[in-house]
Amino acid sequence: MASPAPRYIPNDGVIDTAQAALGDMIVDTLDHVGELTLTIARERLVEAMTLLRDTPGLDYQQLMEIAGVDYPERADRFDVCYHLLSLTRNHRLRVRVMTDDVKPVPSVTDIWPVAGWLEREVYDMYGVLFDGNPDLRRILTDYGFRGHPQRKDFPLTGYVELRYSEAAKRVVYEPVKLAQDFRTFDFTSPWEGADYVLPGDEKAEAK
């Protein structure tokens with residue numbers, strides 16, 4: 001039975017062509033489970049991306065996505081991953097650079113204008129800075145949001161919560177307050193302390 005996954009041309013020769021074009025801009029290469037990844041020196045990203053777009057035999061004309069990954073145990077804790085598509089060769093490539101929350105990544109908005117929004121998403125979620133992005137503002141969280149929610153050390157509850165205050169007649173930000181203490185549920189009748197019997201409680205008593 002045919003696979004439902006889209007079919008792309010093989011990876012044969014792509015790494016060799018990229019290494020010939022990019023030279024020492026490439027820090028590492030990986031061919032794993034049919035996916036190619038090039039790790040590029042961060043400060044030379046724009047030069048490398050231009051060559052990946054314009055070099056015959058590579059021709060990665062389209063930027064499909066930019067994604068962040070957090071490895072808090074590393075000095076350069078963030079991976080910024082660019083997913084490229086060659087329309088003429090029907091092939092995909094992942095380009096990766098590494099950084100922290102201080103060293104900026106060069107913006108690729110002059111190559112692909114769509115990167116403006118995608119870089120803003122990575123900045124909002126991870127706090128990665130992009131040098132040259134003309135409008136590096138939050139895009140997914142609200143204006144008063146604190147922190148970057150996709151970092152692995154970000155608390156699940158967040159730092160603040162917002163609600164509409166009838167007294168102030170506006171939306172206000174407050175420190176997170178849990179509605180109740182954490183409790184131990186017995187999963188049969190979670191309403192501990194109720195003075196009535198819920199259907200099904202008799203099964204627990206029968207045991």
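Reader: What's the strand order in the open sheet, and what kind of pairing does it have?
Author: This is a predicted model, and its open sheet has 5 strands in the order 1-2-5-4-3, with mixed pairing. The edges are strand 1 (26–32) and strand 3 (62–70), each pairing on one side only. From one strand to the next, the twist averages 20 degrees.

Reader: How do strand 3 and strand 4 run, parallel or antiparallel?
Author: Antiparallel, with 8 bridges joining strand 3 to strand 4 (residues 78–86). In that pairing, Asp70 stands opposite Phe78.

Reader: And which strands does helix 1 lie across?
Author: Helix 1 (residues 14–22) lies across strand 1, strand 2 (35–40) and strand 5 (91–99). Its direction is at about 170 degrees to strand 1. Helix 3 (residues 115–126) packs on the sheet too, touching strand 3 and strand 4, and makes about 10 degrees with strand 3.

Reader: What span should helix 3 have at 1.5 Å a residue?
Author: It should span 16 Å, and the end C-alpha atoms are 16 Å apart, which agrees.

Reader: New topic: salt bridges. How many does the structure hold?
Author: 16. One of them joins the side chains of Glu35 and Arg94, at 2.8 Å from N to O. That pair links distant parts of the chain, with Glu35 in strand 2 and Arg94 in strand 5, 59 residues apart.

Reader: Are those two buried or partly exposed?
Author: Partly exposed: Glu35 has 40% relative accessibility, and Arg94 has 21%.

Reader: What about Arg151, which residue does it form a salt bridge with?
Author: Asp101, with the closest N and O atoms 3.8 Å apart. Arg151 sits in the loop between strand 7 and strand 8 and Asp101 in the loop between strand 5 and strand 6, so the pair ties together parts 50 residues apart in sequence. Arg151 is buried at 16% relative accessible area, while Asp101 is partly exposed at 37%.

Reader: Last one: which residues are linked with Arg44 in a network of salt bridges?
Author: Asp24 and Glu47. Between Glu47 and Arg44, the closest N and O atoms are 3.4 Å apart.

Conventions: Residues numbered from 1 in each chain as written. Predicted model: local features only at pLDDT ≥ 70, side-chain atom pairs only at ≥ 80, totals over all residues. Heavy atoms only, no water. Pairing = 2+ DSSP bridges. Helix = DSSP H or I, 4+ residues; strand = E, 2+ residues; numbered from the N terminus. Axes fitted to C-alpha atoms, helices over the stretch in contact; angles between N-to-C directions. Contact = heavy atoms within 4.5 Å. Expected span 1.5 Å × (residues − 1). Salt bridge = Lys/Arg side-chain N within 4 Å of Asp/Glu carboxyl O. Buried < 20%, exposed > 50% of the residue type's maximum accessible area, 1.4 Å probe, protein only.
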